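Load the model in your viewer and keep the sequence panel open beside it. The stops below say what to select next and what is there.

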Amino acid sequence: MIRRYTLPEMGALWSDQARFERMLEVELAVCRAETRRGLVPAEALAAIEARAGVDVDRIAEIEATTDHDVIAFVSQVAETVGAEGRYLHLGLTSSDVVDTALALQLRAAGERLLGGADRLTAALIARARSEAGTVMMGRTHSVHAEPTTFGLKCAGWAFEVARGRERLAAATAEIATGKISGPVGTYSHLDPDLEAEVLADLGLRVDPVSTQIVQRDRHAAFLAAIAILGGSLERLATEVRNLQHTEIGEVMEPFKRGQKGSSAMPHKRNPILSERIAGLARVLRGYAHTAFENQPLWHERDISHSSAERVILPDATIVLDYLLVKTAGLVDGLVVRPERMRENIERGHGLHASSRVLLVLVEQGGLSREDAYAIVQRNALRAADERVPLLGLLATDPQVAQRLPLAALDACFDDAAALRHVPAVIARLDALEATMRNRAAATTPKEAAGAAR
């Protein structure tokens, strides 16, 4: 991923140095298990642990000849160790190391993304509570529907991000799967119990039946979870973009001192962050599609997935990491304009009360639904065309006046009554916050260190 969208913590997880260090971590875990079984002399393990190190430049130099990065890596590490280096990679195939090391990288990346999702969810919950009573017009098909509150909108986003976080958590747990089962998964050189011991030491699951690789359905699920969460961020960003339309103007992105919106038009204050979120979310869906294409590999393994994964796995996690941080900042800094929201409600001339008038004409006026609908629709269309209040037209309509007292008609235009259940919906955030608190309390120091790494 280009530097512009790479935050340093996530970028560091995917550096060449980090990749080879995770591979060395796997090699060392195997050497320890082999030493316990008498396959590697204890003094050789001591030398390997003391002297083994990664030199990315030297690996690249060797790879220029071997055209095989794992062989180059093993050769370089063996050089740092000396004679005892011959015990490195004993009984392993390249994918034993590569896929298991990749699982370590993906787990670390996934844990960081989960933390980002939690921070965004917390920001949305805080905004939902602070704007719980900020009344605005709800829109369907981009047309005024009935009033809602901005807090309710934010609460919906909070729950959606939380659902995305749960999908990602499940995918992260599943992606933390390794294998030490040899060239075709038959344990031809090392026993299954060694694999179980090594992966337990690394905190990874054992693939119950692997081939030369860990099967790519897990990676597809991980990328799918990332793409879906990205889609949720795009939904939020798209709503901000729409509400920042000049003709609507109900929210605005934060605009810092010195910021400029256009080289030609000094008045411009554009929703550039929301547009960036929307654009990068599309990229995530493309990565997910590639991950789906990587599933049907030939026989026990081909290498067609490898080149693609070197791009999509780092990039997808880097992009979502960036988007989670930027979206949280957008939510925290969003400028909400309740006066403009009220102005836009008034511009609707009371049309949003049509459904409540329809119900009252049926329930209190004794009309059939079809007759009541026709009466309200006729007056509503006239109010919209003539730009006059719907209440006034209904109050002077003989078919309405003879069935409803004016007080009953007035009550239909009371927005507070229509929003009376919003507090109950906002209160559902209590359970979400409790879940987040319990999860944070259950996180062990080791898990917290892994997430930071």
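**Whole chain**

Of the 453 residues of the protein, 49% count as buried, where buried means under 20% relative accessible area, exposed over 50% and partly exposed in between, computed with a 1.4 Å probe on protein chains only. This is a predicted model, in which local features need pLDDT of at least 70 and side-chain atom pairs count only at pLDDT 80 or more, while totals for chains, interfaces and linings use all residues. Residues are numbered from 1 along each chain as its sequence is written, and side-chain values use heavy atoms, with hydrogens and water left out.

Show the cartoon. The protein has 21 helices and 6 strands; helices (H or I, at least four residues) and strands (E, at least two) are DSSP runs, numbered from the N terminus. The C-alpha trace spans about 100 × 50 × 40 Å along its principal axes. The radius of gyration is 30 Å, whereas a compact globule of 453 residues would have one near 22 Å; the value is taken over C-alpha atoms, and the globule rule is 2.2 Å times the number of residues to the power 0.38. Among contacts (heavy atoms within 4.5 Å) between residues at least 6 apart in sequence, 75% join residues at least 24 apart.

**Helix 3**

Select residues 42-51, which form helix 3. Which residues of helix 3 are buried? They are A44, L45, A47 and I48. These residues lie on the same side of helix 3, because they cover an arc of only 160° around the axis, the arc being that of the directions from the helix axis to the C-beta atoms. An α-helix has 3.6 residues a turn, so residues three or four places apart point the same way.

Turn to the face of helix 3 away from its buried side to find the exposed residues E43 and A50.

**A101**

Move to A101, in helix 6. A101 counts as buried, because its relative accessibility is 1%. Leaving aside neighbours within four places in sequence, A101 is in contact with R22, M23 and V26. For a distance check, pick P41: A101 and P41 are 60 residues apart in sequence and 24 Å apart in space, C-alpha to C-alpha.

**Nonpolar cores**

Next, select W14, F150, L168 and L320. They touch the most other members of the largest nonpolar core, which has 72 residues. A nonpolar core is a set of buried Ala, Val, Leu, Ile, Met, Phe, Trp, Tyr and Cys residues joined through side-chain atoms within 4.5 Å. The helices that each supply at least two residues of this core include helix 1 (8-13), helix 6 (94-130), helix 10 (272-293) and helix 11 (304-333).

Centre on F150. Not counting residues up to four places away in sequence, F150 touches E131, T134, M136, W157, L243, V251, L334, V336 and M341.

**Salt bridges**

How many salt bridges does the structure hold? There are 38, a salt bridge being a side-chain nitrogen of Lys or Arg within 4 Å of a carboxyl oxygen of Asp or Glu.

Start with R139 and E250, whose side chains meet in a salt bridge at 2.9 Å, N to O. This pair links distant parts of the chain, 111 residues apart: R139 is in strand 1 (residues 135-140), and E250 is in the loop between helix 9 (217-243) and strand 5 (251-252). E250 is buried, with a relative accessible area of 0%, while R139 is partly exposed at 25% relative accessibility.

Select K153 and E239, another salt bridge, with the closest N and O atoms 2.8 Å apart. K153 lies in helix 7 (residues 150-175) and E239 in helix 9, 86 residues apart. E239 counts as partly exposed at 22% relative accessibility.

Then go to R356 and D415, a salt bridge with the closest N and O atoms 3.4 Å apart. R356 lies in helix 13 (residues 354-363) and D415 in helix 18 (residues 415-418), so the pair ties together parts that are 59 residues apart in sequence. Both R356 and D415 are buried.

Finally, select R36, R37, D193, E197 and D201: salt bridges that share partners join these residues into one network.

**Cysteines**

Select C31, which is buried at 1% relative accessibility, and C154, which is buried at 1% as well. The structure holds 0 disulfides, a disulfide being a pair of cysteine sulfur atoms within 2.5 Å.
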